[in-house]
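Trainee: I am new to this structure. Please take one part of it and look at it closely with me.

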Amino acid sequence: MATPVIEAKNLSKLFPVKGGFLGRSQGVVRAVDDVSFAIAPGQTLGLVGESGCGKTTTAKIVLGLEEPTGGIMRFEGQDLQSLDGAGRRHYRKSVQAVFQDPFASLNPRMRVGAIIAEPLVTNEKLTSGEVRKRILHLLELVGLPERAAELFPHEFSGGQRQRIAIARSLALSPRLVVLDEPVSALDVSIRAQILNLLRDLQAQLGLSYLFIAHDLAAVAHMSHHIAVMYLGRIVESGEAAGLSQAPQHPYTQALFSAALPSHPDERREEIIVAGEVPSPLKPPAGCRFHPRCPHAMPRCSTEVPTLRPQQSRLVACHLFD
Amino acid sequence: MHYVTARGTRITRAVDEVSFSMESGETLGIVGESGSGKTTLALSLLRLLPTAARFAGGEIRFEGDDLLTKSDREMRAIRGKRIAMILQDPMASLNPLFTVGDQVAEPLRVHEHASRPSAWSRARELLRAVRIPAPEARVREYPHQMSGGMRQRIVGAIGISCEPRLLIADEPTTSLDLTIQAQYLNLLRELQKAHGLALIFITHNLGIVAKMCDRVAVMYAGRMVESGPVKQIFDKPAHPYTRALLESIPRMGDSRQRLTAIDGQPPDLARLPSGCSFAPRCPDVVDRCRAEAPPDVVVAPSHAARCWLAAPRADSASR
């Protein structure tokens with residue numbers, strides 16, 4: 001395998017929780033706990049899990065918006081900790097993001113051309129003519145007309161705004177784009193346009209994606225690999241088609257069985273897990289899923305399962321030991 | 001039914017020539033994108049439209065009575081008692097200053113003039129019915145002390161408190177996580193069975209329709225472009241919009257490299273194209289579509305599509 005664009009090894013992020021009298025420490029939230037993954041050039045890693053599972057914190061660490069408390073992050077084989085200032089700058093340029101809500105992520109007082117050019121102007125020394133050329137090229141890449149550069153975001157629909165956000169994320173020719181729910185704020189009939197565009201851009205530019213979404217079918221469609229998180233830990237990861245069709249970890253099974261059918265005749269076995277995701281402040285001992293797990297055994301409440309290879313996949317569950 | 005929203009000098013036909021009927025115990029899905037008029041349609045069933053909106057015609061018959069001829073006072077007796085509604089965001093539907101028990105008991109106190117102790121004991125039963133653990137303690141708590149899934153179940157408990165005949169759920173699970181959504185949908189189905197409710201699901205999610213509904217109505221630009229039994233619509237959609245919508249969603253286990261996207265944007269209701277509203281985006285468009293609005297064509301028993309190209313299906317016509 002080629003050197004991964006990004007590689008995380010045993011990544012963790014703890015947030016101390018302060019409160020009460022004099023703000024004494026009340027414990028820590030293990031938002032991300034011992035998480036490892038790698039994304040190869042031109043590939044997509046889909047990150048799924050319910051709210052509070054740590055996928056957004058993972059994305060923030062990848063974007064350099066949060067410092068990990070532990071573990072190693074490598075970018076193109078280089079440890080991020082060892083990078084000097086120029087290396088850090090190069091890293092920040094190479095990793096970009098597209099967010100969920102294109103109504104919130106675009107400044108309403110800037111023209112589209114200026115929005116797309118902002119990363120160029122702040123990061124590269126270009127003449128205004130060169131900037132202009134790059135803007136037009138980027139607009140063309142995302143399928144917007146040239147005149148869009150002169151307009152303001154409010155003159156565009158949701159799908160077109162997401163195209164603008166994508167153009168901005170591509171301005172610095174990144175290697176990796178973090179896509180945080182890129183289509184869930186869009187109309188159903190527009191989503192396919194954006195998903196197709198993202199796939200075309202990946203093929204054309206060799207981009208890697210970290211794709212975060214709730215819609216499991218969309219993740220399965222977009223991703224080469226999928227990692228499933230539960231309360232800060234990866235419980236299962238593997239090749240997308242295999243994992244989505246034959247999940248092995250009880251949580252992954254429950255999650256995929258809860259996905260909505262695409263046809264009324266599609267009746268999959270429903271595994272309704274009881275209860276809700278526990279508070280990350282007091283995660284259950286042992287396997288974090290054991291209080292909701294239909295297959296829980298005595299050792300699940302005491303021993304933390306580790307990710308082990310299981311049929312071309314990694315699963316963290318005592319059932320497979 | 002059709003009605004018009006007036007804003008300044010512009011007139012928007014938010015819902016136009018929409019007809020449907022449903023029976024008790026039945027689930028109808030109303031699907032459409034934002035701005036397709038699906039929420040306006042739901043609100044008009046309860047006559048809860050903004051003051052600028054006017055009904056321009058049509059009627060809404062509920063258990064035989066036309067709701068449009070009712071006085072405001074009569075409508076108040078219907079809302080929450082015989083027709084109830086569940087909205088998308090439970091935090092916005094619940095009052096943060098009152099306990100959950102107060103809020104679940106309120107419809108009983110108002111509509112059935114129940115005494116406080118009896119309304120509260122009924123509230124505890126309702127919380128148990130929607131699977132809130134430890135209902136005796138939870139009735140005294142406030143909405144902020146509960147999770148999103150629990151709040152939405154409380155809204156559900158309020159919805160069924162007076163045993164309505166019709167429950168309208170407007171995107172009830174959009175704010176919930178997947179496993180919680182599955183729990184909630186199953187709960188709604190059980191409540192429906194237990195009470196013989198008629199259920200209207202308003203959603204943009206075809207997966208919810210596939211899972212929950214008996215019949216579906218597809219809205220586009222304020223009109224119902226296709227309606228019929230869920231299975232028929234998924235198997236043999238007659239309207240190009242329905243077909244395109246079904247093809248554009250990613251499916252688990254399909255190996256397509258590209259999704260079939262629908263070009264263009266949904267139209268602005270204040271500037272609808274003449275003829276068929278979907279014509280500018282339609283892959284099968286013919287000249288006639290741009291000139292004249294298509295009629296409702298019955299393609300099979302209880303399956304209709306508003307399209308010039310829709311024709312009664314041979315297999316149903318020969319019968």
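Mentor: Ile30(B) has Ile202(B) as its bridge partner in strand 9 of chain B. Strands here are DSSP runs of E, at least two residues long, and helices are runs of H or I, at least four residues long; both are numbered from the N terminus. This is a predicted model: local features need pLDDT of at least 70, side-chain atom pairs count only at pLDDT 80 or more, and totals for chains, interfaces and linings use all residues. Residues are numbered from 1 along each chain as its sequence is written, while chains are lettered from A and ligands numbered from 1 in the order in which they are written.

Stay with strand 9 of chain B. Strand 3 (residues 27-31) of chain B pairs with strand 9 in the parallel sense, over five bridges. Two strands pair if DSSP finds at least two bridges between them. Strand 8 (residues 166-170) of chain B also pairs with strand 9 (residues 198-203), again parallel and over five bridges. Ile202(B) is the bridge partner of Asp170(B). Leu167(B) stands opposite Leu199(B).

Now the surroundings of the strand. Six of the six residues of strand 9 of chain B are buried, so the strand is largely enclosed by the rest of the structure. Buried means 20 or more other C-beta atoms within 10 Å of the residue's own; exposed means 12 or fewer, and partly exposed lies in between, with C-beta atoms placed from the backbone. Ala198(B), Ile200(B) and Ile202(B) point one way from strand 9 of chain B. Leu199(B), Phe201(B) and Thr203(B) point the other way.

Step back to the sheet. Eight strands of chain B form an open sheet with mixed pairing, in the order 7-8-9-3-10-11-13-12. Strand 7 (83-86) and strand 12 (296-300) of chain B are at the edges; each has a single partner strand, so one side of each is left without a neighbour in the sheet. From one strand to the next, the twist averages 20 degrees.

Helices come next. Helix 7 (residues 148-160) of chain B lies across strand 7 and strand 8 of chain B, running at about 175 degrees to strand 7. Axes are lines fitted to C-alpha atoms, for helices over the stretch in contact, and angles run from 0 to 180 degrees between N-to-C directions. Helix 4 (residues 100-112) of chain B packs against helix 7 of chain B at an angle of about 25 degrees, with the axes 7 Å apart. That makes helix 4 of chain B roughly parallel to helix 7 of chain B. Angles under 35 degrees count as roughly parallel, over 145 as roughly antiparallel, 65 to 115 as roughly perpendicular and the rest as oblique.

Which residues meet? In helix 4 of chain B they are Val100(B), Gln103(B), Val104(B) and Pro107(B); in helix 7 of chain B, Ile154(B), Ala157(B) and Ile158(B). Contact means C-beta atoms, placed from the backbone, within 7 Å. The residues of this contact between helix 4 and helix 7 of chain B divide into six nonpolar, one polar and no charged. Nonpolar covers Ala, Val, Leu, Ile, Met, Phe, Trp, Tyr, Cys and Pro; charged covers Asp, Glu, Lys and Arg; the others, Gly among them, are polar.

Ala221(B) lies between strand 10 (215-220) and strand 11 (223-229) of chain B. Ala221(B) has a positive phi of about 50 degrees, although it is not a glycine. Ala221(B) is buried, with 23 other C-beta atoms within 10 Å.

Key: Two residues are in contact if their C-beta atoms, placed from the backbone, lie within 7 Å.
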